Every structure is written in C-alpha cells, then in structure tokens.
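Dear colleague,

Please find the structure below, together with a summary of what was found in it. I would be grateful if you could read the two side by side.

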Amino acid sequence: MRWKISIEGSDEITRGHRFELEIEKSLDDLATGNLGLSIEEGKAIMASLQLHIVEQQCALYVLFRRHCQACGGARPIKDYSTRTIRTVYGAVTVESPRLYPCRRCIPGVDFTITPVSELCPDRATAELMTLTAKLGALMPYRAAAEVLAEFLPGQTPTRHTTLRHRTLAVGKRLEEKEEQRMFFEQVDTKERRQRELPLPEDPEREFVLSIDTAHIPQIRGRETRSFEAVICHASRGGVGSDRGVLFAFSGTSRRRMRAEGLLALKRLGYEGKGDITVISDGEECLKRLKSVLPQPAKHILDWFHIAMKLRPIEQTAAWLARRLPADEQEEFLEDIAAVRWRLWNGQIDRAIDLIDRLFHDLKADEQGSTAIVSLRGGLLNLRIYMEQNRGSITNYGARYREGKRIASTAAEASVNNLVARRMVKKQQMRWSERGANLLLQVRVALANGDLAERLAYRPPVQPRQTIISPFVPLPLFQRAA
C-alpha cells in the first residue's frame, strides 16, 4: 500500500509551489499490529513539510527586504551564506544572503543586513523557545530533552545544555518585559481614604498579599551556602476567591518588592480604592512591603506560625499536667489554653501577661525537670516572637468568621510549587542567584497561565514632545544698551 501526499502553496510575489511525499505501508505491518502512522512516519512527514514551508517563507522575506521602500529599487546583495533555523519539527538550513543598503538612498555606506537573522535572532523559532522553556521549567533539563526527542523530529536528547540556555533566555525576556510593564503601568500610591465607598462587608474590597521566603542552595565557591527568594501570592477577596497572581524573584530587594507588588495589585484591578493587607511570618525583610504599598495598608502576622509555636507548648503542658494534683491540673491546662484564646482574639497584652505569669510560676517548680525547662523555653520564645510583632497581631477570630484570610498558606503552597519541586526537595541542585531568578520567572508565568501574554507585551507608544528652547535672542538695540 502506497500513499502519496501532495501539497500546494502560493504567496503574494512568487508563483505557486508544489511538492510530493510518498509513504509505503505493507500487510506485514498490519499483522504485527502497526495500524496507521507511527511516530517516526509522522516525524518524517512534518519535517519534510516544515522544510519546504520555511524555505519558501525565508525566500519571500528576502525578496521583501531587497525592495527599497523609499525609491522602489533593489538593494544589492553582498554575498550568500547558509543559516540553520531550529523549529519544532526539526532543523532547516536555508540560504541567507547579506544585503547592502540602497545605493540611491544611502550612497557610500558599507554596512549590511541579514534578513534571515532578523526572523530568528536566536537561531530557533519563538514556538520552540517557548516549548523548551515550559519543559525545562517543569522537569530536569535532561528529561525535558528526552521528551522533545521522543515526540518531535530533529531534537537530540543529549544536548540538554541547549535546552537550559533557551529556558534561561526566555526567563530573561520575561524579566525585561516585566521591567517595562513596571515602568509604564504604574499605580498611584497616594492615599485616597476620602474617596472610599462605605462598603465594609464587600469581600472584594480587600487585596491580600501573602508573602514568604524560600532558601535555595547556592553553587559552590560562594560566601553562603544558600540565598533567599521572595515568593508572593496576591489575591482579592477572602477565602475561596479566585486564585490570584504570583510573583517571585531572587533576593529581598525592597525596590523590586515594591514594583512587583504594585504590578500585582493592578492586575487584580486595584484603582486606588480598597483595603490592602500583607500577611507574612514576621520576617523583617517582608514586613517592609507594607510601607511601600498604597496606603492605607496593614501587616498581619501569619496565624500558622503562631500556632506552630503554641503546639509544642501545649503538648509539653499536657504531659506535665498528668503529674500534677487533680485540683492543679485543670487550672494549669486552662491557663495554657487561655494563651491561645487570647492570641486568637487579638488580646496581645493579656496574652503576654499570662505568658509572664506562667513563666515565673514554672521557675519555682523547676527542680531540674527537663520538661519544665523545655516548657519555659517555649514560653520565652513565644513571648519574644509576640513582642517583635506586637503591631501585627489582629483579631484572627473575627477575620475568620468574616471569611477573610488569616494565614499565608497560599504563599507556602507557592513556595512548594515554584521552588521545592524544581530546585530544593525533589530535584536537589545548586543554583546561581541569576539562574534561579530567570527560572523562577518562567515558572511563575506558567503558574499564572500568562506566558504567551507576557512575552507578547509591547510598551505603549509615547507621544512625541516638541522641545522648545527657552533661549530668546535679544534685539540688537537691547544688546547695544
């Protein structure tokens, strides 16, 4: 059985094009269960089709670039060379001439232009760059190269370094696009409290930024073994609202944190109205985000980290209560439970007073007990933590009943998805700060689902401003005077 595939094409300048491709299938293939086209045959068909299409497109673009738009003449050709373009369906080698400028319009100039290099400056199509970046951001580079070689023609599985370079190149472009967006899409940070609408029960009124840090192992030979990366999940509304948007970058730059935070607010629809809340674990570098955002903004200490410090205290207290008399046991457990209740309801001063009283009462009963020493140490750490974040304690119970967010669980989950799965836990590697930042940009764009949109961003066209010189010449008689 023989199949013949015939394809015809036409363009605006040249005549029609036609090529044929034959595929042979035998009855022996049916006997072995090979029904239809195989992956290898599909690769051969797509590679042949891609070869003819790319050649004709490049030839047409060269003819277009040879035509001078000013005088209608033809630009002279200096020489011919070849250029290999990597596509999703294999590598294509095309003829690539170099052109001089038009001799009539620009005489005496010897620089040249290469039209084919203008089409693919990376020697790879944009689709291939994006596809390799997606796979390189989700799995190890070697595994991604093997997946590409398995399903696409002309992709060698051994050149994982090429896939890494393409992934980081896409990350660099994403970062450049974000910098342009930060510059042109600015948010007004002036306080607009007088223009607020009286809608205190509106769930969409609050913009929540849950922020956390991740520690990434650094390559050997540096001063530190790891460096920090900021991960933030910005959302609008309470628990159960839309998933929001993510942003991440290596380091803890206050300027970058402000620019990314303002851009995330704008993507969520912030227009100068609404409550802005920052939720973090109390780290000083993260608490700075509240002061650089549009006001009024407030910072809330993450309830999860408070509960994590209360849990060992409660477990140790439950173990000690078994060794106390029955009349003291109930009172002791009630005091421990009261610490959690007061913190849950935002009564920070009463909670600290109760912690101090428990701390001093346990000192009299210490008598070398390891459990009591551990309990006093936990109470001391909790008190220091509360004192450092006194201004960030809120009424968590009231916020919980209103359906608002009280913990940075969204940021914790984002740290696990963006960093732990690719860089730390499941794929233990060492990274440079620059490389990790570029890879984070790709992973964030994939998590937000706007990779193509970010790459296609173009800055708005700025109107030209006529500059008028302030110098006004004086008349002759005034200068003579």
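**Findings**

Of the 481 residues in the protein, buried residues make up 40%. Please note that this is a predicted model. The protein has 18 helices and nine strands. Its accessible surface comes to about 28000 Å², and carbon and sulfur atoms account for 52% of that area. Among contacts with a separation of 6 or more, 62% are between residues 24 or more positions apart.

The count of salt bridges comes to 23. One of them joins R65 to E118, with the closest N and O atoms 3.2 Å apart. R65 belongs to helix α2 and E118 to helix α3, so this pair ties together parts that are 53 residues apart in sequence. E118 is partly exposed, at a relative accessible area of 37%.

A salt bridge also links D275 and R205, whose closest N and O atoms are 3.0 Å apart. Since D275 is in strand β8 and R205 in the loop between α6 and β5, the pair connects parts 70 residues apart in sequence. D275 is partly exposed, at 29%, whereas R205 counts as buried, at 19% relative accessibility.

Within helix α8, E284 and K287 lie three residues apart, about one turn of the helix, and their side chains meet in a salt bridge of 3.6 Å, N to O.

Finally, R342 in helix α11 is buried but has no salt bridge, the nearest side chain of opposite charge being D353, 6.5 Å away. Beyond its neighbours within four places in sequence, R342 is in contact with Q347, R350, A351 and L354.

With kind regards

Notes. Residues numbered from 1 in each chain as written. Predicted model: local features only at pLDDT ≥ 70, side-chain atom pairs only at ≥ 80, totals over all residues. Heavy atoms only, no water. Helix = DSSP H or I, 4+ residues; strand = E, 2+ residues; numbered from the N terminus. Buried < 20%, exposed > 50% of the residue type's maximum accessible area, 1.4 Å probe, protein only. Lys, Arg positive; Asp, Glu negative; His and termini not counted. Salt bridge = Lys/Arg side-chain N within 4 Å of Asp/Glu carboxyl O. Contact = heavy atoms within 4.5 Å. Areas by Shrake-Rupley, 256 points an atom, 1.4 Å probe, with all protein chains shown as cover.
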